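User: Can you walk me through this one?
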Amino acid sequence: MKSLVLEQKGELALRDLPIEKDEVLGPHDVRIKLHTVGICGSDVHYYTHGRIGPFVVNAPMILGHEASGTVIEVGSAVTTLKEGDRVCMEPGIPDPNSRATRMGMYNVDPKVRFWATPPVHGVLRPTVVHPEAFTFKLPETVSFAEAAMVEPLAVGVHAATKARIKPGDIALVMGAGPIGLVTALSALAAGCARVYVSDLDDAKLAIAASLGPITPINVTRQSAAEVILKDTDGWGVEVVFEATGSPRAAATIFEALCPGGCVVMIGGQPDPIAYDAGAAMIREARVENIFRYAHAFPRCVAMIGSGAIDVKPLITRTFQFDESVHAFEIAASAPSGDVKMQIELPQ
Ligand SMILES: [Zn+2]
């Protein structure tokens, strides 16, 4: 049975990669047959650069961490899942005894093992063994494709939670990529009256504008701060989400922020960046940082299941598993207007 293997930087192959030690089913584990796996920017970055910060691909690694599937076997102590259940999976497994985990911040446990982060394999493969505690049953109203969007959506929900949005707040999301758009959806679900989304790409902004009370701003033609300050009589937005990972965008995070507002840093920054401490000070700005998410998956499943959040417009292309290498080549070319690409595994 084949997996999608990143052999080294720039080289992908569909081939057998035996990983017996990952296949042992413990009493608290379930075995899942994978159905749909989303392609994440991090997967593409490992493919094109061979590393993200300190995480370096030194040995062949299976990609993929945004996944849904069907339970095919359960461990002897599993009580909440059974064979045949449709599920999505949280890809980071912390050490249950670590200090961070015991404090509830399991996502920042230094020992967390996260799919498709070297040396941990991802899930573009036929089956995976995963803890029951990080596997979430899907209601019938949630498709496998939507369920594979729960992982990126969890980032947006975690960011909106950190922002402590109040009903009627106005937000700016910088960046209309998958994470920017799930953040905009999460901000609206959390009670924002309106959300501005800024980006350079008109096609992505058009998708953003179709998602709800969202005002697109193309920053190649307009300054986000100018538009927002004009619309709000000079006051600004209560929340700014930085979801570009661009140092240039991050240098402007306080420009559109109202006094007492909150900035949430989402986009990864590989190097130190400029931060306008004076602009933060005169606003008494609160700045939050997030790393992945914690406790968000059940909320995401519930919101997709009830229709409170619709992630379907973000899924712009679906590939079959045997086209995986081609799919990554397309993803690496960052086509305009593509938000989330997904791969379906043979069932
Ligand atoms: Zn991801």
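Analyst: Here are some notes on domains, a helix and a sheet. This is a predicted model, in which local features need pLDDT of at least 70, side-chain atom pairs count only at pLDDT 80 or more, and totals for chains, interfaces and linings use all residues. Residues are numbered from 1 along each chain as its sequence is written.
User: Which domains does the assignment give?
Analyst: Domain 1 (3-149 + 311-344) and domain 2 (153-289), with bounds from an automatic or database domain assignment. Their centres, taken over C-alpha atoms, are 28 Å apart.
User: How many residues are in contact between domain 1 and domain 2?
Analyst: 9 residues of domain 1 and 11 residues of domain 2, where contact means C-beta atoms, placed from the backbone, within 7 Å.
User: Switching topic, is α5 buried or exposed?
Analyst: Of its 12 residues, 11 are buried, so α5 is largely enclosed by the rest of the structure. Buried means 20 or more other C-beta atoms within 10 Å of the residue's own, with C-beta atoms placed from the backbone. Among them are Pro178, Gly180 and Leu188. Helices are DSSP runs of H or I, at least four residues, and strands are runs of E, at least two, numbered from the N terminus.
User: What comes just after α5?
Analyst: Glycine 191, with a positive phi of about 120°.
User: And what is the strand order in the open sheet?
Analyst: The 3 strands run β2-β1-β6, with antiparallel pairing; strands pair if DSSP finds at least two bridges between them. β2 (11-15) and β6 (61-62) are at the edges, each with a single partner strand, so one side of each has no neighbour in the sheet.
User: What stands opposite leucine 6?
Analyst: Leucine 12 in β2. Strand β1 (residues 3-8) pairs with β2 over 5 bridges.

Technical notes: Contact = placed C-beta atoms within 7 Å.
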